[in-house]
Amino acid sequence: MCGIVGYIGNKQASDIIVKGLERLEYRGYDSAGIALLNGQLDIRKGKGKVQNLKKKVNADPNESVVGIGHTRWATHGAPNDVNSHPHVSESGKIALVHNGIIENYNSLKKELKNKGRTFKTDTDTEVIAQLIEEIYENGNGEEVTFEQAVQMALQQVVGTYGLAILNVEEPNRILVARKGSPLLLGIGEDEMFVASDASPIVEHTKKVVYLDDGEMAIVTKDGYEVKTIKDEPLTKKVHELAMSIEEIEKGGYPHFMLKEIFEQPRAISDCLRGRINVEDHSIQLGGIADVLDKLVNAKRLIIAACGTSWHAGLVAEYLFEHLAKLSVEVEYASEFRYREALIDEDDVMLVISQSGETADTLAALRTAKERGALTLGVCNVVGSTIARDTDAGVYTHAGPEIGVASTKAFTTQVSVLAMMAIMLGQRRGVLDEDYAARLIEELDRIPEKVQEILDNSEPIKDMAKLFTYAPNFLYLGRTYNFPVALEGALKLKEISYIHAEGYPAAEMKHGPIALIDEMMPVVVIAATDHTNEKMISNIEEVKARDGRIISITGEDNDEVIDLSEFSCPIPETEDCLSPLLTSIPLQLLSYYIAVNRGCNVDQPRNLAKSVTVE
């Protein structure tokens, strides 16, 4: 999504801001810009990469010690130089950058035009700058301060925003505000930072303050003051960042995505550490301990998520129903918010999000909270909105994920959900003790089995060369691995731009079989013992129509391997844990195909890492 970086202190602001914007490139964007305040506003911006902006800044350096920067992902108005942020008011004295969407910008714009204001862009953001200036200059018949003008403007705005604002008349302050789009303050020595996430500032400070919805801050080099946009003073907790600068660099890998695929043994180990006890076959999840009784007695669990997290939720449906005998419904968060969803205080809502800031998932969470349901979160980012707004939850501890296409996020989410399902099954008395013991022991072995797949991944790289220019792919799976089929197809679509579809294997005969011919690679995930014979039948049906079979299957599944043109054997594991292994070859296959096609693996077109707008 869009990214924000701001700085005020004693150092050259442009260097810090541009470097920070480079740290935010993983979020996805189409243009970049910076506003520096040094007696007057100096705006540099334009379509394209941060590198283009860097050249503009370096060509004519500005010694300003205060500024704001932005990477834009277009919503209103085409990605071009004019529509790039920062945007300025008509007088040129106010500049701001904005993440989010202003839903009532058309009516505000019409009103401002009637008052004689002229607009230069097609964006919703320019309306905010013009509205603030209109109130600041004319008030409501009385003089208002700049801070009051910002507050009054934001109370007229409908929509979401993360804002950083400069005013030529107040050169020693940055005003920031948040509603629905993440924003944090970084606390340094005689300097302060503003950012939409921690990655641009982690090399400068570990001390941060997270703003919540409806809050604003007045930031100077000496500190900050936080209040509501209705001018109520607030005291905020200072958090210590857990990430390191090394975690957000490539570490010798050609792409973040490949680094993150190969980090999965460590990420899953970190996710499991201190939570599973192999000796007494128990699981402890401290984040949900206080609500465990209500969860144990729940009649229904509703899971809401988007994208890859939704696929993890689908795996969880099988896990919770099989291991804990708990009824589960999995919802697209984006649809849940607009349905007449039947949810009340007897239900439990579990939301899943890598970033903890996904707009649709947050909306589903708020709907559940309004209706009195217990809310749980599974997310990766400490201090994120989901982490703060849910009643309880569990962190995945995957570490920063920079690549837009999620990899270690998926496997750590499934790891958390598997632990929750096993623990719940034990507490509800519905999970056989011997089976629970096997599952916990097998969970403990999963990281080394993932490592085994990665250590033997060269054949996948070679196979990818043969399918680099296939026009379509079909992915088939059953039960626990049907969601993996969906996830494998999503990965391929996201980064290689090849059309791909995931299906439950039995559904192939209900339509998709019409597509199969010698040009159609079919990825078959045959790694669950109880459905193996059925998967073999599906493979035979594909081969009878000249489809090309790529199988993901157990090392000893000779019948499937013999029927496949290409096979990616994986170590044996319990059926319900198999998604933690079957997903790895699919990630690698997508990665290598995308690299062969010359695609931008870490920043695929049109996509954003964290979708913080609808």
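Two strands count as paired here if DSSP finds at least two bridges between them. On that basis, this predicted model contains an open sheet of 5 strands, ordered β24-β23-β25-β26-β27, with parallel pairing. The edges go to β24 (499-504) and β27 (566-570), each of which pairs on one side only. Ignoring direction, neighbouring strands in the sheet are turned by 15 degrees against each other on average.

Zooming in on one pairing, strand β23 (residues 472-477) runs parallel to β24, and 6 bridges join the two. Tyr475, for instance, has Gly502 of β24 as its bridge partner. Helices also pack on this sheet. Helix α16 (residues 482-496) lies across β23, β24 and β25 (521-526), and runs at about 175 degrees to β24. Helix α17 (residues 532-543) touches β23, β25 and β26 (548-554), with its direction making about 170 degrees with that of β25.

Elsewhere in the chain numbering sits helix α4, spanning residues 125-138. Its 14 residues reach 20 Å from first C-alpha to last, close to the 20 Å expected at 1.5 Å a residue. With buried meaning under 20% relative accessible area, 11 of the 14 residues of α4 qualify, so the helix is largely enclosed by the rest of the structure. The buried set takes in Thr125 through Ile135, including Val127, Ile128, Leu131 and Ile132, but also Glu126, Glu133 and Glu134. Just after α4 ends, Gly139 takes a positive phi of about 55 degrees.

Note on methods. Residues numbered from 1 in each chain as written. Predicted model: local features only at pLDDT ≥ 70, side-chain atom pairs only at ≥ 80, totals over all residues. Heavy atoms only, no water. Helix = DSSP H or I, 4+ residues; strand = E, 2+ residues; numbered from the N terminus. Expected span 1.5 Å × (residues − 1). Buried < 20%, exposed > 50% of the residue type's maximum accessible area, 1.4 Å probe, protein only. Axes fitted to C-alpha atoms, helices over the stretch in contact; angles between N-to-C directions. Contact = heavy atoms within 4.5 Å.
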